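Take a look at the model below.

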Amino acid sequence: MTDGATDRLETLDVIKVLEFLPHRYPFLMVDKITEIRGDDYGIGIKNVTFNEPQFQGHFPGAPVFPGVLLIEGMAQTAGALCVNNRKETAAPKLVYFMTIDKAKFRKPVVPGDTVEFHMTKLKQRLNMWWFRGEAKVDGTIVAEAEVSAMLLDR
């Protein structure tokens, strides 16, 4: 490895994730973030449990984690990577989810699964970031998408 900010390997526990993101239960989709390399790459972890509120209606008798929440988990992971890598000491006041492109859902996610959100930065310009994400369960891709976000301090 070479010297540089992107070579740092870090992890964020749920307490740090809560400091960086405005989301709270039941809409926090990331339990921790591992293998952080600056804002270039990171893996968010979501432990899917049967007692989550979306399973009351999605679907009774055959619970499936909603695909849109997989995309949200990708976006939250990417947002936490961006905030973690900022030079400012405080988290931004607002994190806006800007785009979703090339979204594909490949396999259902069910209670008991652990989802890994593998996020790779595609580019950054000023206060905007673009990421490619893959959601994986046991090494198998269950969803993928490209997402972008904007961080605002006002």
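UniProt positions are given here in the numbering of this structure, feature names are shortened, and annotations may be inferred rather than shown by experiment. With that in mind, the unreviewed UniProt entry carries the annotation "active site" on His58. This is a predicted model, in which local features need pLDDT of at least 70 and side-chain atom pairs count only at pLDDT 80 or more, while totals for chains, interfaces and linings use all residues. Residues are numbered from 1 along each chain as its sequence is written, and side-chain values use heavy atoms, with hydrogens and water left out.

Where does His58 lie? His58 is in the loop between strand E3 (41–47) and helix H2 (67–85). Helices (H or I, at least four residues) and strands (E, at least two) are DSSP runs, numbered from the N terminus. His58 counts as partly exposed because its relative accessibility is 24%. The class sits between buried (under 20% relative accessible area) and exposed (over 50%), with a 1.4 Å probe and protein chains only. Leaving aside residues up to four places away in sequence, His58 touches Pro63, Val64, Phe65 and Pro66. Contact means heavy atoms within 4.5 Å.

Now the sheet. Seven strands form an open sheet in the order E1-E2-E3-E5-E6-E7-E4, with antiparallel pairing. Strands E1 (10–12) and E4 (94–105) are the edges, each pairing on one side only. Two strands pair if DSSP finds at least two bridges between them. E2 (residues 32–37) and E3 pair in the antiparallel sense over four bridges. Arg37 stands opposite Tyr41 in E3.
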